[in-house]
Amino acid sequence: YWFHDGVSGEWITDAAPVFAVSSLLRTPMAGGIVAYRDPETAKHSVEHIGGRVVPDFSQLLTIDRSSR
């Protein structure tokens, strides 16, 4: 799978993406999931809106989408 970094918009090719998940994140198609190259940036993006950070894609596939 391929992901764009939520800050730069560039492809994440040099690291495993970390995901910020929140229903309050404004995303295309209202998915509420943004990929980041930097884990601290992902954490900061959901800090004040009650979201969470999912550390890898395999865990992202197992989250309960109703709890975003």
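This short talk describes a sheet, a helix and a salt bridge in one protein structure.

Good morning. Please keep in mind that the structure before you is a predicted model.

I begin with the sheet. Three strands make up an open sheet, and their order across it is S2-S1-S3, with antiparallel pairing. From one strand to the next, the twist averages 30°.

Let us now consider one pairing in detail. Strand S1, which covers residues 18-21, pairs with S3 in the antiparallel sense, and three bridges join them. Within this part of the sheet, Val 21 stands opposite Arg 52 in S3. Which strands does helix H1 touch? Helix H1, residues 39-46, packs on the sheet and touches S1, S2 and S3. The direction of the helix makes about 0° with that of S1.

I turn next to the side chains. How many salt bridges does the structure hold? There is one. Its partners are Asp 14 and Arg 37, whose closest N and O atoms lie 2.8 Å apart. This pair links distant parts of the chain, as the two residues are 23 residues apart. Asp 14 belongs to the segment before S1, while Arg 37 sits in the loop between S2 and H1.

Finally, are these two residues buried or exposed? Asp 14 has a relative accessible area of 58% and is therefore exposed, the cut-off being over 50%. Arg 37, at 27% relative accessibility, counts as partly exposed.

Thank you for your attention.

Technical notes
Residues numbered from 1 in each chain as written. Predicted model: local features only at pLDDT ≥ 70, side-chain atom pairs only at ≥ 80, totals over all residues. Heavy atoms only, no water. Pairing = 2+ DSSP bridges. Helix = DSSP H or I, 4+ residues; strand = E, 2+ residues; numbered from the N terminus. Axes fitted to C-alpha atoms, helices over the stretch in contact; angles between N-to-C directions. Contact = heavy atoms within 4.5 Å. Salt bridge = Lys/Arg side-chain N within 4 Å of Asp/Glu carboxyl O. Buried < 20%, exposed > 50% of the residue type's maximum accessible area, 1.4 Å probe, protein only.
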